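Please look over the sequence and the model shown here. The paragraphs that follow go through a few of its features in turn.

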Amino acid sequence: MTLSKYNEKRNFQRTPEPAGKLSGKSASGDRIFVVQKHRATQLHYDFRLEFNGSLLSWAVPKGPSPDPSVKRLAMQVEDHPLDYADFEGVIPEAEYGGGTVMVWDKGTWTPESADPAAALEKGDFKFTLHGKKLHGSWVLVRTRGFGGSSKPTWLLIKHRDQFASTDDLTQMRPKSILSNRLLADIARDGHGDVEKAATGDPQPAKKKAHAAKLKNPAKSKS
Ligand code: MN
């Protein structure tokens, strides 16, 4: 477990992100997880699990789905420092990962096997999430790779349990669990690119169409 890749990629004079140092267990003793919605070059959700003093990290382009029939691509990226779990704000556009970051969900996780290190190594990693939006049993399964990418490729899949659903959580619950802000609000407050950030928020055109349908149900029936 090392944070050297994390530190190599960033200039801490220029980015507000925390510098990487390994920590002991978090104060409560529970392992934390966080999902950060990140409007960088491409919109993605960074899924992070505390493990041995840092955050194992995967970039999930479409975000987690609570639907067990949906497999979400998850590209493993460099480990992040534990402090990163509370980072929400604007990374300057010229820097690595430039764009707006939101804490989309956060909570604790528990491994479902006696030896989580072995499960990770094997590429079949089962765990339970206790978050504000994400709950219940999930698995990360390593695959053979995707499009010649050098990054390890995994699939993030919900297991069938009482928390499984076909709800589109990323659309239904688009705000920060820390500050109740949308990406555009975070960008505005952090003097970032508001227009770019807003493209990661639910689109107002869809909202209006939906509102019109609710206002005038007779019209949509005909
Ligand atoms: Mn990211």
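This is a predicted model: local features need pLDDT of at least 70, side-chain atom pairs count only at pLDDT 80 or more; totals for chains, interfaces and linings use all residues.

A salt bridge is a side-chain nitrogen of Lys or Arg within 4 Å of a carboxyl oxygen of Asp or Glu.

Residues are numbered from 1 along each chain as its sequence is written, and side-chain values use heavy atoms, with hydrogens and water left out.

Lys 133 sits in the loop between strand E7 (124-130) and strand E8 (135-142); helices (H or I, at least four residues) and strands (E, at least two) are DSSP runs, numbered from the N terminus. A polar atom of the Lys 133 side chain lies 3.0 Å from the backbone oxygen of Arg 173. Beyond its neighbours within four places in sequence, Lys 133 has contacts (heavy atoms within 4.5 Å) that include Trp 104, Leu 169 and Ile 177.

Strand E1 (residues 31-39) is largely enclosed by the rest of the structure, because eight of its nine residues are buried. E1 runs antiparallel to strand E6 (residues 99-111), with nine bridges joining them; two strands pair if DSSP finds at least two bridges between them. Within this pairing, Lys 37 has Met 102 as its bridge partner. Seven bridges join E1 to strand E2 (residues 43-51), also antiparallel, and three residues separate the two strands in a hairpin.

A manganese ion has as protein donors His 38 (ND1), His 44 (NE2) and Asp 46 (OD), at 2.1 to 2.3 Å. Donors are N, O and S atoms within 2.8 Å of the metal (3.2 Å for Na, K and Ca); water is not among the atoms, so sites may look incomplete. Both His 44, at 14% relative accessible area, and Asp 46, at 5%, are buried.

The salt bridges number 11. In one of them, Glu 88 meets Arg 181 (2.9 Å, N to O). Glu 88 lies in the loop between strands E4 (71-81) and E5 (89-91) and Arg 181 in the loop between helices H3 (169-172) and H4 (183-189), so the pair ties together parts that are 93 residues apart in sequence.

Conventions:
Buried means under 20% relative accessible area, exposed over 50%, partly exposed in between (1.4 Å probe, protein chains only). A polar contact is a pair of N or O atoms within 3.5 Å; within protein, one must be able to donate a hydrogen and the other to accept it, and residues adjacent in sequence count only if both atoms are side-chain atoms.
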